[in-house]
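Reader: I would like a close look at one part of this model. Please go step by step and keep it plain.

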Amino acid sequence: MKILLSCLLFFNALCFLLFALDKRKAQQGQRRIAEKMLHLATLPGAALGAWVAILLLHHKNRKAAFWGITLGLTLLQGAVVYFALPYFRAQL
């Protein structure tokens, strides 16, 4: 369980840092990180890191399509946690 939580923390931090890097590149007029890459970074359980970056850094907060995909990934991750929770409780 500790390994799983450590991995989630790592992926959330990585996702947040990618969003922050993209924000910095946007401010400096440099080549940006593709939205597809940001969504892929969100996929492995890093929805919390993505939402913190969106809300705290005000990055990608005006793009409804981006929000929709991020919300979909969040719901998907929530469903995985919901259905996997009985398995993890049985392992404890």
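How closely do the axes of helix H3 and helix H4 come, and at roughly what angle do they cross?

Author: The model is predicted, so keep that in mind throughout. The axes of H3 and H4 come within 10 Å. They cross at roughly 150°. Angles over 145 degrees count as roughly antiparallel. That makes H3 roughly antiparallel to H4. The crossing of H3 and H4 is left-handed. H3 covers residues 47-57, and H4 covers residues 64-91.

Now look at the side of H3 that meets H4. From H3 come Ala 47, Ala 50, Trp 51, Ile 54 and Leu 55. From H4 come Phe 66, Trp 67, Thr 70, Leu 71, Thr 74 and Gln 77. Sort these residues by class. This contact of H3 with H4 has 8 nonpolar residues, 3 polar ones and no charged ones. Check the spacing of the numbers in H3 as you go. An α-helix has 3.6 residues a turn, so residues three or four places apart point the same way.

Next, step back to the whole chain. The chain holds 4 helices and 0 strands. From the N terminus on, the order is α-α-α-α. Along the principal axes, the C-alpha atoms fill a box of roughly 50 × 25 × 20 Å. The chain has 92 residues, and 25% of them are buried. Residues 24 or more positions apart account for 65% of them. The accessible surface of the chain comes to about 6,600 Å². Carbon and sulfur atoms hold 71% of that surface.

Back to H3. Its buried residues are Ala 47, Gly 49, Ala 50, Trp 51, Ala 53 and Ile 54. What covers them includes H1, H2 and H4.

H1 is the next partner of H3. These two helices pack at an angle of about 35°, with their axes 7 Å apart. The crossing of H1 and H3 is right-handed. On the H1 side, the contact is made by Asn 12, Cys 15, Phe 16, Phe 19, Ala 20 and Lys 23. On the H3 side, the residues are Ala 47, Leu 48, Gly 49, Ala 50, Val 52, Ala 53, Ile 54, Leu 56 and Leu 57. By class, the contact of H1 with H3 has 12 nonpolar, 2 polar and 1 charged residues. Find Ala 47, Ala 50 and Ile 54 in the structure.

H1 spans residues 2-28, and H2 spans residues 35-42. Their axes come within 9 Å and cross at roughly 160°. H1 and H2 are therefore roughly antiparallel to each other. Their crossing is left-handed. Here Cys 15, Leu 18, Phe 19 and Asp 22 of H1 meet Leu 38, Ala 41 and Thr 42 of H2. This contact of H1 with H2 divides into 5 nonpolar, 1 polar and 1 charged residues.

Last, follow the chain out of H3. Most residues other than glycine have a negative phi. His 58 is exposed, with a relative accessible area of 51%. Set aside its neighbours within four places in sequence. His 58 is then in contact with Lys 23 and Ala 53. Ala 20 is 38 residues away from His 58 in sequence. In space, the two are 9.9 Å apart, C-alpha to C-alpha.

The loop between H3 and H4 also holds Lys 60. Lys 60 is not a glycine either, and its phi is positive, near 65°. Is Lys 60 buried or exposed? Lys 60 is buried, with a relative accessible area of 11%.

Notes: Residues are numbered from 1 along each chain as its sequence is written. This is a predicted model: local features need pLDDT of at least 70, side-chain atom pairs count only at pLDDT 80 or more; totals for chains, interfaces and linings use all residues. Side-chain values use heavy atoms; hydrogens and water are left out. Buried means under 20% relative accessible area, exposed over 50%, partly exposed in between (1.4 Å probe, protein chains only). Contact means heavy atoms within 4.5 Å. Accessible areas come from the Shrake-Rupley method with a 1.4 Å probe; for residues, only the protein chains shown count as cover. Axes are lines fitted to C-alpha atoms, for helices over the stretch in contact, and angles run from 0 to 180 degrees between N-to-C directions. Angles under 35 degrees count as roughly parallel, over 145 as roughly antiparallel, 65 to 115 as roughly perpendicular and the rest as oblique. A crossing is left-handed if the near helix is turned anticlockwise from the far one by less than a right angle, and right-handed if clockwise. Ala, Val, Leu, Ile, Met, Phe, Trp, Tyr, Cys and Pro count as nonpolar, Asp, Glu, Lys and Arg as charged, and the others, Gly among them, as polar.
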